[in-house]
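This report is written to be read with the sequence and the model side by side. Please keep both open while going through the sections.

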Amino acid sequence: MTALAVAGLSLRLGAFTLEDVSFTLPANDVMVVLGSNGAGKSVLLETIAGFHRPARGRISIGDREVTALPPEQRRVGFVVQNFGLFPHLSVAQNVALGARGLRRSRAGSDRVDVAALLARFGIGHLAGASPMVLSPGEKQRAALARAEASHPDLFLLDEPFAALDAAARGQLRFELARFLRELRLPALFVTHDYVDVAALGNHLTLMHAGRIIQSGAVDDVFHRPVSRIAADILGFENQLAGRIEGGEAPLVRVSIAGTVLRVAGVAVTPSATGEIYVVLRAENVRLTHPIDAPAGAAENRLIGTVVALEPQGALTKVTLDCGFRLIASLMSRDVPALGLAPGAAVMALIAASDIHLVRP
Amino acid sequence: MIAVPRTWRGPESIGSPLVVLAAWLCGGMLLTFILLPLLQLFAVQTAGTLLQVARESDVRDALTLSIAGAVLTALVAALFGVPFAYFLARAEFVGKSAVAAVVDVPLTVPHTVAGIALLMVFGRHGVIGGPAEDFLGVRFWGTLAGIVVAMLFVSLPYTVNAARIAFEGVDPRLEMVARTLGMGPWRVLARITVPLAWRGIATGLTLTFARAISEFGAVVILVYYPMTAPVKIYEMFLRYGVEEASAAAALLLVVSLVLFILFRHVAYGRRPVAGGGR
């Protein structure tokens with residue numbers, strides 16, 4: 001069954017546009033919509049919630065077409081940045097408001113027990129508290145409890161973590177994923193941070209300039225971007241211009257600034273001039289001593305010089321010169337053992353299956 | 001002994017004793033400037049003179065008229081100014097800053113000028129005053145309606161501006177979330193937006209009330225009779241001199257201050273969360 005179907009959605013709203021946006025979300029699944037700021041992600045979510053009238057297209061939630069319905073009749077749970085709790089009401093009153101909205105629209109068919117709901121979300125002791133004194137984690141629970149009280153058919157989450165620090169974000173992401181699994185509710189989660197993707201979603205949609213540029217299973221999209229823009233959104237550190245030299249489909253030879261890399265996987269039609277882009281995550285570049293590299297460890301073995309080291313806490317980003325710029329990422333504790341320092345020689349090992357080709 | 005600030009939010013050196021001393025000198029002069037004339041007004045009164053003037057029926061009538069006019073003015077400002085303030089806070093349109101500037105114009109118009117301008121529009125032969133009397137039987141000269149018109153003209157900007165700033169401070173996403181919880185647009189306004197903006201709205205209405213009850217220039221030109229309190233005080237001053245007028249002035253001051261404090265209390269007395277705290 002389909003939880004959400006969006007078909008041919010187009011809209012112009014000031015600087016933001018949606019252009020022919022179509023996708024479906026299966027029941028009980030979570031789709032992450034990833035895109036840079038201004039890509040139209042929030043506008044998409046607000047249009048699904050009913051706040052903007054599309055110029056063209058249709059929106060169905062479950063088996064109901066909702067395109068012409070006002071937000072209060074669409075039965076969506078909307079969670080916004082900082083969680084949007086009403087500061088003049090207590091936590092219990094916030095949740096009760098969700099329940100009351102429901103009672104009005106469904107003529108008192110099922111009353112919601114606010115206390116039980118708060119207990120289920122582990123915030124029973126905060127019923128009388130002001131939302132302003134809650135921690136981010138407690139706010140998230142209160143916001144989810146409030147949305148759940150209105151019995152939504154679909155959750156819409158608009159960058160709820162955007163204003164949080166990295167540590168809090170990780171914790172809340174973990175909890176949100178657990179709640180969404182337990183609630184068994186389909187959800188659309190909008191973010192500009194690709195770190196959110198794997199923990200939360202099983203579908204991934206990439207947006208750019210109001211269009212969907214790629215959509216599919218998380219593993220598929222995350223590792224195989226279809227374009228340089230998609231690779232940008234997904235945070236691929238290495239994007240290298242090259243040219244297909246030959247080879248058959250399972251193992252293609254690509255030359256980059258004179259160096260030949262062997263690439264496994266799907267052949268991509270190059271541009272008329274034979275140009276193509278190689279994209280590669282920094283974490284998939286393994287660094288070893290140039291002399292005692294394990295034999296046959298990877299299809300591609302490149303000798304390079306360290307240009308710069310950029311420590312980022314547990315990880316260190318290393319920029320190499322292999323005839324072209326290559327960025328690698330490794331555990332910071334491995335840096336001394338490898339003798340990495342600017343000017344030092346090092347060997348980079350890259351598996352053919354970790355390299356991906358996209359059209360220019 | 002100089003009161004050294006308990007906390008200082010600023011560069012350390014500015015909080016030094018010498019600067020604090022200078023600040024208290026300036027501040028002290030300002031406070032004296034405000035309080036001395038007002039206290040002087042009471043210093044010359046005895047309870048007897050105040051009671052005596054309060055017993056005069058034309059003084060009491062003038063005070064009642066002033067209060068009624070100012071309360072009505074605040075109500076009209078709430079009815080028209082608050083919805084317009086919400087519109088200004090939420091809508092983006094060409095010429096918005098020009099509209100906002102027009103709202104502020106009464107703040108810069110001398111009040112006698114406002115009175116003459118209003119008289120030309122709301123007077124016997126004015127574009128509004130004439131038809132209003134012919135077709136509706138409503139007169140603006142010599143009536144409470146005229147007093148409200150004069151008071152409203154000079155005091156409306158306070159409500160519109162304060163309410164607009166208050167509405168701008170309410171995150172539109174809170175309104176969106178409320179809608180998705182099943183509340184219609186009017187319920188969202190009543191349950192979420194207005195309560196969150198309440199303080200600013202109430203401050204604006206209080207300022208409008210205070211400005212209205214103290215208005216003289218515009219009122220005296222549009223409506224000399226029946227007399228509001230400031231007009232009555234001016235008349236007493238012209239006829240009997242400063243001593244007679246000062247008793248009525250002190251009385252108006254007391255009434256204005258009591259009402260102002262009362263309204264402020266209503267505005268700020270609300271707790272943000274009923275039964276809040278952890």
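## Basis and confidence

This is a predicted model, in which local features need pLDDT of at least 70, side-chain atom pairs count only at pLDDT 80 or more, and totals for chains, interfaces and linings use all residues. Residues are numbered from 1 along each chain as its sequence is written, while chains are lettered from A and ligands numbered from 1 in the order in which they are written.

For the complex, the predictor gives an ipTM of 0.85 and a pTM of 0.83. pLDDT is the predictor's confidence in each residue, from 0 to 100. Its average over chain B is 89, and 93% of the residues of chain B score at least 70. Over residues 271–278 of chain B, pLDDT stays under 50. The model has 18 contacts beyond four places in sequence for this stretch, where a contact means that two C-beta atoms, placed from the backbone, lie within 7 Å.

## Domains of chain A

Chain A is divided into domain 1 (2–232) and domain 2 (238–358), with bounds from an automatic or database domain assignment. Taken over C-alpha atoms, the centres of the two domains of chain A are 38 Å apart. Their contact takes 6 residues from domain 1 of chain A and 5 residues from domain 2 of chain A.

The domain 1 side of this contact has 3 nonpolar, 1 polar and 2 charged residues. Here Ala, Val, Leu, Ile, Met, Phe, Trp, Tyr, Cys and Pro count as nonpolar, Asp, Glu, Lys and Arg as charged, and the others, Gly among them, as polar.

## Strands of chain A

Helices (H or I, at least four residues) and strands (E, at least two) are DSSP runs, numbered from the N terminus. Strands pair if DSSP finds at least two bridges between them. An open sheet of 4 strands in chain A has the order β2-β1-β4-β5, with antiparallel pairing. β2 (16–26) and β5 (64–65) of chain A are at the edges with a single partner strand each, so one side of each has no neighbour in the sheet. Within the sheet, β1 (residues 2–13) and β4 (residues 56–61) of chain A pair over 5 bridges, and V6(A) stands opposite I59(A) in β4(A).

Strands β17 (residues 315–321) and β18 (residues 325–331) of chain A run antiparallel and are joined by 7 bridges. T316(A) stands opposite L330(A) in β18(A). The two strands form a hairpin with 3 residues between them, and G323(A) in the turn has a positive phi of about 95°.

## Chain B

Chain B has 12 helices and 0 strands. Its C-alpha trace spans about 65 × 60 × 40 Å along its principal axes.

Among contacts in chain B between residues at least 6 apart in sequence, 76% join residues at least 24 apart.

## The largest nonpolar core

A nonpolar core is a set of buried Ala, Val, Leu, Ile, Met, Phe, Trp, Tyr and Cys residues joined through C-beta atoms within 7 Å. The largest has 167 residues, and those touching the most other members are V95(A), L156(A), L188(A), A348(A), A150(B) and L222(B). Its largest share, 15 residues, comes from α7(B). Domain 1 and domain 2 of chain A each give this core at least three residues.

Leaving out residues up to four places away in sequence, V95(A) touches V114(A), L117(A), L118(A), A142(A), A145(A), R146(A) and A149(A).

Methods. A residue is buried if 20 or more other C-beta atoms lie within 10 Å of its own, exposed if 12 or fewer, and partly exposed in between; C-beta atoms are placed from the backbone.
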